Amino acid sequence: MKTGEYTLPGFRHDWAAMNLSLFASAFHQQHGAELAQHGLAFAPTANPFASLFPDGKWLGVSSDAALTTARIRGFSDTDAAAWTQLTESFPADAEAILGVLGSPMSLRALGTLVGKTWWRRGTAGSLDLARFLTMSSRAWLDQTFESDHVKATLAAWGMHLDFAPDIAGGAVFPYLEGMAGQAFGMVLGQGGADTITSAMVAMIEARGGSVQCGTSVSSIEQVAGRAIGITLSDGTVVRAEKAVIANLSPRGLMKLTGGTGDPRHERAMKTFQHAPGTMMIHLAMDSLPNWPAAELKRFAYVHLAPSMDQMARTYAQAMAGQLPEEPVIVCGQPTVVDPSRAPAGKHVLWLQVRMAPGQIKGMQRAPLMPETGRMPQNPLRNAHWISWSVTHPAPVKTSSENTWLPRICSRRTIPTSWGAIRSVAAIICTSIS
Ligand SMILES: Cc1cc2nc3c(=O)[nH]c(=O)nc-3n(C[C@H](O)[C@H](O)[C@H](O)COP(=O)(O)OP(=O)(O)OC[C@H]3O[C@@H](n4cnc5c(N)ncnc54)[C@H](O)[C@@H]3O)c2cc1C
């Protein structure tokens with residue numbers, strides 16, 4: 001989680017995380033006032049997300065429930081009624097769902113939770129909850145709504161967490177983001193997502209601690225199965241008074257600890273499988289994209305994820321190492337919510353391209369077709385970008401031997417069609433050798 005001027009001076013881009021709504025945590029409840037003293041500040045929005053479709057229609061979720069429901073009614077009366085029902089039962093359902101998600105994974109804690117849930121919801125209600133928690137987003141959405149636009153708008157949230165429409169357990173996040181987006185909106189960091197890290201570092205330092213970056217840890221020291229400190233790559237040993245917190249991938253943690261001696265645990269750590277990668281494109285803009293509806297200029301995220309079938313296909317292709325035929329794009333417009341991130345009148349765009357294989361074994365289609373877009377009203381036409389930067393799991397090659405990147409760069413505009421959005425991803429992925 002960091003923010004930087006990755007394109008031009010004065011244009012601040014969130015490197016990855018942009019939506020800080022999940023920071024509304026127990027930690028924040030306890031330390032929010034102190035963090036605020038050290039500069040933590042949020043930029044809230046009542047218009048968290050929308051989806052734009054190839055037929056030019058769009059659907060957005062805003063924190064005005066009547067407005068959101070009316071937009072859904074524009075697609076289906078039945079779906080508007082289903083949405084109203086979900087809205088009404090959200091407080092009780094969210095408590096049960098968040099209870100499960102936030103529970104420690106110990107038998108005792110889970111036992112208490114099951115007892116509490118059964119007491120409150122009864123046998124049928126508890127079984128319904130268990131069923132929902134294991135459902136794919138497609139199963140839940142097909143059973144709840146009839147409009148493909150409504151389904152795709154919500155299913156796009158599953159793609160943020162690598163839950164493509166047919167993956168079990170994927171219904172929860174689209175449901176929570178849809179309902180919580182309407183109930184609470186979304187918060188971004190004022191000035192950038194790094195407001196969190198800057199405030200936490202300042203808080204640690206004010207309490208006498210220190211934060212050292214740019215130093216690699218070579219091992220985590222253990223005595224009798226307990227972590228007691230770390231050794232830095234220069235040999236310095238740092239003792240832990242209470243605990244070592246290491247936010248690493250399972251394999252990285254295995255490397256640093258040398259294992260725990262528990263074969264079952266070690267096998268699980270070694271065989272952990274990552275989902276496909278993502279690619280970030282950061283753009284410094286003269287103006288916002290020319291969305292077909294002016295309202296879309298008010299949303300923090302605009303998803304370009306036309307259908308559940310497309311999302312499922314994109315995910316499956318990326319998992320197979322294929323450069324997807326068409327990406328799912330999360331178009332973040334942070335300057336709509338927080339204009340301080342760019343010079344007056346200018347903008348930054350945060351394009352998250354889902355999914356990109358970490359290692360490309362092939363591609364589904366010839367990559368450059370900017371003139372063959374499917375979208376009648378091209379959302380990004382004439383939206384002038386000034387500069388860009390790309391982050392991908394594999395190193396991106398931008399040398400002159402790559403013919404595609406200079407061609408796109410010379411256009412001085414965001415590529416002009418739905419097909420071209422796909423092409424940007426494809427072109428940049430293709431340039432990875
Ligand atoms: C593209 C993208 C978009 C995202 N968007 C959102 C969002 O909008 N909202 C949200 O809530 N979350 C989002 N996330 C998820 C969020 O970014 C992560 O959950 C969060 O960054 C995890 O923080 P962390 O400190 O646990 O781990 P990390 O941010 O991964 O930090 C771990 C650090 O450990 C360092 N490290 C690793 N090995 C060593 C070593 N041996 N020695 C020293 N240092 C080491 C790494 O360099 C890294 O800096 C997004 C993630 C991605 C990739």
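**Entry 1: overall make-up**

I counted secondary structure and found 14 helices and 16 strands in the protein. Helices here are DSSP runs of H or I with at least four residues, strands are runs of E with at least two, and both are numbered from the N terminus. I note that this is a predicted model: local features need pLDDT of at least 70, side-chain atom pairs count only at pLDDT 80 or more, and totals for chains, interfaces and linings use all residues. Residues are numbered from 1 along each chain as its sequence is written.

I looked up burial next. Of the 433 residues in the protein, 36% are buried. Buried means 20 or more other C-beta atoms within 10 Å of the residue's own, exposed means 12 or fewer, and partly exposed is in between, with C-beta atoms placed from the backbone. I then took the contacts with a separation of 6 or more: 72% of them join residues 24 or more positions apart. A contact is a pair of C-beta atoms, placed from the backbone, within 7 Å.

**Entry 2: confidence**

I checked pLDDT, the predictor's confidence in each residue, from 0 to 100. The protein has a mean of 85, and 84% of its residues reach 70 or more. Over residues 366-378 the value stays under 50, and the model has 34 contacts beyond four places in sequence for them. Residues 427-433 are also below 50, with 29 contacts beyond near neighbours in sequence.

**Entry 3: the ligand shell**

Which residues are closest to the ligand? I found Ala16, Ala17, Asn19, Val217 and Asn247 in a shell of 15 residues. A residue is near the molecule if its C-beta atom, placed from the backbone, lies within 6 Å of it. Helix 9 (250-257) and strand 10 (277-285) each give at least two residues to this shell. By class I get 9 nonpolar, 6 polar and no charged residues. Nonpolar covers Ala, Val, Leu, Ile, Met, Phe, Trp, Tyr, Cys and Pro; charged covers Asp, Glu, Lys and Arg; the others, Gly among them, are polar.

**Entry 4: the core**

I went to the largest nonpolar core, which has 74 residues, and Leu188 and Val302 have the most contacts inside it. Such a core is a set of buried Ala, Val, Leu, Ile, Met, Phe, Trp, Tyr and Cys residues joined through C-beta atoms within 7 Å. Domain 1 (63-184) and domain 2 (277-430) both contribute residues, so this core lies between them. The domain bounds come from an automatic or database domain assignment. Beyond four places in sequence, Leu188 touches residues including Met18, Asn19, Leu20, Phe42 and Ala300.

I also looked at Val150, which lies in helix 6. Val150 counts as buried because it has 25 C-beta neighbours inside 10 Å. Its contacts beyond four places in sequence are Leu59, Ile72, Phe75, Ser76, Asp79 and Phe145. Val150 and Ile72 are 78 residues apart in sequence, yet 7.0 Å apart from C-alpha to C-alpha.

Most residues other than glycine have a negative phi, and most peptide bonds are trans. I listed the exceptions I looked up.

- Asp162 is not a glycine, yet its phi is positive, about 65°. Asp162 sits in the loop between helix 6 (148-160) and helix 7 (172-184). With 18 other C-beta atoms within 10 Å, Asp162 is partly exposed.
- Ala224 has a positive phi near 50°. Ala224 is in the loop between strand 7 (217-223) and strand 8 (226-232). Ala224 is exposed, with 5 other C-beta atoms within 10 Å.
- Arg354 to Met355 is a cis peptide bond, with omega near -10°. Met355 belongs to strand 14.

**Entry 5: Ser340**

Where is Ser340? I found Ser340 in the loop between helix 12 (334-337) and strand 14 (347-356). Ser340 has 13 C-beta neighbours inside 10 Å, so it counts as partly exposed.

Conventions. Contact = placed C-beta atoms within 7 Å.
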